[in-house]
Amino acid sequence: MATAIRLRRLGAAAAIATVSGGALQLNQPSFAVNDRGGGPALATVRRRIADPNAVVPPRSVQESALIGASSANPLDVLVIGGGATGSGVALDAVTRGLRVGLVEREDFASGTSSRSTKLIHGGVRYLEKAVFNFDYGQLKLVFHALEERKQVIENAPHLCHALPCMTPCFDWFEVVYYWSGLKLYDLVAGARLLHLSRYYSAQESVELFPTLARKGKDRSLKGTVVYYDGQMNDSRLNVGLACTAALAGAAVLNHAEVVSFLKDDGSDRIIGARIRDNLTGTVTAPFPSLLLKSLTVLSAPGQEFDTYAKVVVNAAGPFCDSVRKLADKDARPMICPSSGVHIVLPDYYSPEGMGLIVPKTKDGRVVFMLPWLGRTVAGTTDSNTSITLLPEPHEDEIQFILDAICDYLNVKCLTGRFDLVDPMVEAQRIFITLTDCYNVEVDATRIIKTREAAFSAVLELIHKLGKAYITVRRTDVLSAWSGIRPLATDPSAKNTESISRDHVVCEEYPGLVTITGGKWTTYRSMAEDAVDAAIKSGKLSPSNECLTQKLRIIGGDGWDPASFTVLAQQYIRMKKSHGGKVVPGVMDTAAAKHLSHAYGTMAERVAAIAQNENLGKRLAHGYPFLEAEVAYCARNEFCESAVDFIARRCRLAFLDTDAASRALPRVIEILATEHKWDKSRKKKELEKAKQFLETFKSSKNAQFHDGKH
């Protein structure tokens with residue numbers, strides 16, 4: 001079956017390719033109507049993306065198309081950067097009928113786009129600033145964000161959903177303040193509203209959010225105000241955008257770096273780029289087509305090639321200044337990088353389907369605590385930082401988030417089950433944990449012979465500590481990461497928190513359009529602005545206007561929230577044991593729901609691999625990720641490394657660093673089979689992945705200043 005799938009994929013690639021001058025080139029997409037957001041053009045591209053037999057052309061085809069873009073037959077647009085904005089630009093441009101290429105130095109969403117708060121913001125904080133500062137610019141951001149939030153959720157329904165967020169109020173002024181503010185937010189949203197905000201009493205709030213504290217800083221909870229925002233699986237949405245662009249006819253290539261620009265000798269205009277393939281291996285693949293017998297990749301590992309384009313779009317996020325300096329070494333920096341740190345905690349910190357907002361921390365920032373993929377994500381910080389490829393969270397930033405949420409939670413870190421275990425062992429465990437939490441020296445070795453004595457001893461210790469039987473533990477941090485926001489700012493601004501997150505599009509150098517700033521929620525409109533600027537710069541002739549307002553990404557068209565039931569009823573998971581015996585297993589609800597939400601209508605393809613290729617085993621205990629996903633992503637989603645999978649395809653690195661580390665050997669084994677890796681490559685993949693995971697400061701690999709960990 002795997003062979004058949006590969007043949008179908010290559011056959012689909014042939015349909016969008018022709019041969020010219022010994023290299024493969026993309027045909028110009030044929031859309032023919034000048035009708036914004038609809039008409040035959042939209043119907044044509046929708047059919048192409050939603051075709052159940054369509055397969056994303058392989059990386060070798062993508063690379064050959066870029067190599068074939070010559071000075072005599074250039075691309076219309078070459079995009080640098082495969083994040084949300086860059087992938088959005090590629091999708092927008094190709095669906096306007098333009099010939100498009102995209103290159104990304106690492107992987108799609110390898111930077112900022114995979115390290116967000118996972119929220120699709122409607123701009124509620126901007127509304128507060130707009131009201132109190134009489135700032136019409138901030139108000140426009142709110143309208144813009146609300147419209148784009150709606151579009152993102154509708155265009156990727158399997159990856160995005162509405163999430164209620166609870167704001168605790170500890171005095172009646174806060175109740176009135178937040179209730180009135182969020183009702184104004186509802187009013188501003190109008191038809192773009194997800195659900196109406198509402199007030200809940202203290203009792204109702206605790207029932208909805210059991211770990212919410214009833215008391216805080218000598219004040220009692222008066223109630224909460226709940227409003228709705230959007231939530232997403234950010235990197236899978238980004239990968240979906242890139243794959244959708246490829247299905248529509250763009251040539252997208254990850255692990256390919258721009259090393260220099262090509263310039264016209266007469267006008268000095270940028271007319272293309274020198275690109276280096278950063279992967280460590282290429283192959284000659286069979287290509288079942290009447291056009292040619294086989295497809296030979298023209299670039300060797302690390303080899304460079306030229307790609308010509310009428311316009312180059314710089315969408316490199318935090319690294320856009322580095323790209324600009326390739327054109328002009330004296331270019332003035334546009335980016336003021338800001339660090340945003342997030343941590344992941346166990347699921348019991350927040351109930352499923354309800355988030356919590358800490359509206360004001362000790363330094364005035366907002367911190368979110370949200371359920372996400374079966375765990376709890378909390379963040380974020382907002383501080384100046386330097387630009388680096390793999391940013392790491394600092395321990396003080398992690399502790400800041402823990403301290404911020406601690407005041408609002410009633411989490412019991414310990415539960416004594418003296419009726420089920422040996423009283424002495426249980427009492428010692430509780431004593432040791434409490435003394436670790438509060439740095440108090442207590443004799444934990446005294447012999448306790450009865451349940452009553454053990455319980456009394458623990459109460460005595462708690463009374464001695466003078467603290468509630470409550471704590472948020474550093475040891476609960478399953479993963480922690482840092483992301484760099486590419487803020488386009490006024491250099492005179494003193495801090496990044498007060499800076500508007502609006503985006504900037506400019507053409508400082510002929511032929512190079514730069515787009516930067518903005519945020520995840522508005523990626524689509526940012527891409528639209530960038531493509532408009534590219535069309536103007538290159539005097540391009542699109543066949544139609546922007547279509548992405550009503551264009552669902554791959555896996556989204558035809559998806560239904562109940563789709564997982566088909567997987568649960570019609571597929572089984574064939575699992576290979578350590579001894580080589582194949583054992584059938586049910587496609588349980590957790591696995592079926594995960595596949596449905598992660599892959600949308602493509603989930604049946606993954607389930608078929610799990611069933612027919614004996615890859616139905618889970619990759620990590622306690623998580624729904626299956627071995628079949630590794631094979632599917634390698635074949636259909638440009639998954640070229642172990643890090644590509646554990647970080648951007650299945651999210652295990654972000655959810656549980658140590659679980660990701662344990663899954664690595666099997667992930668590499670499957671990828672090696674798919675990509676024909678040798679022992680040397682497998683060893684390098686393991687080393688690189690472990691180095692990557694070390695930047696995620698979970699409790700087991702965190703570096704503590706006091707050395708007690």
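Two rings of Phe, Tyr or Trp (its six-membered ring) are taken to pair if their centres lie within 6.5 Å. In the predicted model examined here, 13 aromatic pairs are present.

One of these is formed by Phe132 and Tyr177, whose ring centres are 6.1 Å apart and whose planes make an angle of 35 degrees, a tilted arrangement. Phe132 belongs to helix α5 (residues 124–133) and Tyr177 to helix α7 (residues 172–189), so this contact ties together parts separated by 45 residues in sequence. Phe132 is exposed, its relative accessible area being 54%, whereas Tyr177, with a value of 25%, is partly exposed. Both residues are members of one aromatic cluster, which is formed by Phe132, Phe173, Tyr177 and Tyr178.

A further pair consists of Phe654 and Phe696, with 5.0 Å from centre to centre and 85 degrees between the planes.

The charged end of Lys118 is placed over the ring of Trp372, at 4.9 Å from the ring centre. Likewise, Arg236 has its charged end over the ring of Tyr599, with a distance of 4.2 Å to the centre of that ring.

Note on methods: Residues numbered from 1 in each chain as written. Predicted model: local features only at pLDDT ≥ 70, side-chain atom pairs only at ≥ 80, totals over all residues. Heavy atoms only, no water. Phe/Tyr/Trp six-rings, centres within 6.5 Å; stacked < 30°, edge-to-face > 60°. Helix = DSSP H or I, 4+ residues; strand = E, 2+ residues; numbered from the N terminus. Buried < 20%, exposed > 50% of the residue type's maximum accessible area, 1.4 Å probe, protein only. Lys NZ or Arg CZ within 6 Å of the ring centre and 35° of its normal.
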